[in-house]
Amino acid sequence: IIDGRFHTECSHFIAMSTKFQDCLRPNCLFSSRHIHLIACKSQSCVRLMALPTKNPIRISPSKCCDCVLKTRDEVMPMVRVSGMR
């Protein structure tokens, strides 16, 4: 589970903290309740983890900082100074 800030204007999610949660399913290879303890070769067991769940704990009506910088760079492109690389 990923806790973070959701920016409504650009729909981006910025992670702030993460935590793990056991699914407690007996057919999941990653669960503490997995029924096959050693070298599981069962085809019925889940072998892939699902993507983590995003939990917005803060809602921000503005754009994220990456989108603000991208917009600013499009409006004011970086000017090269002669003699600098």
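Reply: The chain holds one helix and three strands, and along the sequence they follow the pattern β-β-β-α. Please keep in mind that this is a predicted model.

Me: How do you know how confident the predictor is in this chain?

Reply: The average pLDDT of the chain is 86, and 88% of the residues score at least 70. Among the elements, strand S1 has the highest mean pLDDT, 96, whereas helix H1, residues 65-75, has the lowest, 84.

Me: Why is aspartate 3 called buried?

Reply: Aspartate 3 has a relative accessible area of 10%, and the label buried is given to values under 20%, so aspartate 3 is counted as buried. Its place is in strand S1, which covers residues 2-7.

Me: What makes the pair of aspartate 3 and asparagine 55 a polar contact?

Reply: The side chains of aspartate 3 and asparagine 55 are joined at 2.8 Å, and the cut-off for such a pair of N or O atoms is within 3.5 Å, so the distance meets the cut-off. Leaving aside neighbours within four places in sequence, the residues in contact with aspartate 3 include Phe13, Met16, Lys19 and Ile57, as well as Asn55 itself.

Me: Is histidine 7 buried or exposed, and how do you know?

Reply: Histidine 7 has a relative accessible area of 8%, and because buried means under 20%, histidine 7 is buried. Histidine 7 is also placed in strand S1, and, not counting residues up to four places away in sequence, it touches His12, Ile14, Ser60, Ser62, Lys63 and Cys64.

Me: Why is leucine 29 called partly exposed?

Reply: The relative accessible area of leucine 29 is 31%; since buried is under 20% and exposed is over 50%, with partly exposed in between, leucine 29 is partly exposed. Leucine 29 lies in the loop between strand S2 (12-18) and strand S3 (54-60). The C-alpha atoms of leucine 29 and cysteine 45 are separated by 6.4 Å, although these residues are 16 residues apart along the chain.

Me: What makes alanine 39 exposed?

Reply: Alanine 39 has a relative accessible area of 61%, and exposed means over 50%, so alanine 39 is exposed. Alanine 39 lies in the loop between S2 and S3, and its phi is near 50°, a positive value in a residue other than glycine.

Me: How many residues line the largest pocket, and what classes do they belong to?

Reply: The largest pocket, with a volume of about 550 Å³, is lined by 19 residues, and Gln21, Cys23, Met49, Ala50 and Leu51 lie nearest its centre. By class, the lining has 12 nonpolar, four polar and three charged residues.

Me: What share of the chain counts as buried?

Reply: Of the 85 residues of the chain, 18% count as buried.

Methods
Residues numbered from 1 in each chain as written. Predicted model: local features only at pLDDT ≥ 70, side-chain atom pairs only at ≥ 80, totals over all residues. Heavy atoms only, no water. Helix = DSSP H or I, 4+ residues; strand = E, 2+ residues; numbered from the N terminus. Buried < 20%, exposed > 50% of the residue type's maximum accessible area, 1.4 Å probe, protein only. Polar contact = N/O pair within 3.5 Å; in protein donor to acceptor, adjacent residues only side chain to side chain. Contact = heavy atoms within 4.5 Å. pLDDT = per-residue confidence, 0-100. 1 Å grid on protein atoms, 1.4 Å probe; cavity = no way out; pocket = protein on both sides within 12 Å on 5 of 7 lines; lining within 4 Å. Points joined across faces, edges and corners; volume = space filled by probe spheres on them. Nonpolar A, V, L, I, M, F, W, Y, C, P; charged D, E, K, R; others polar.
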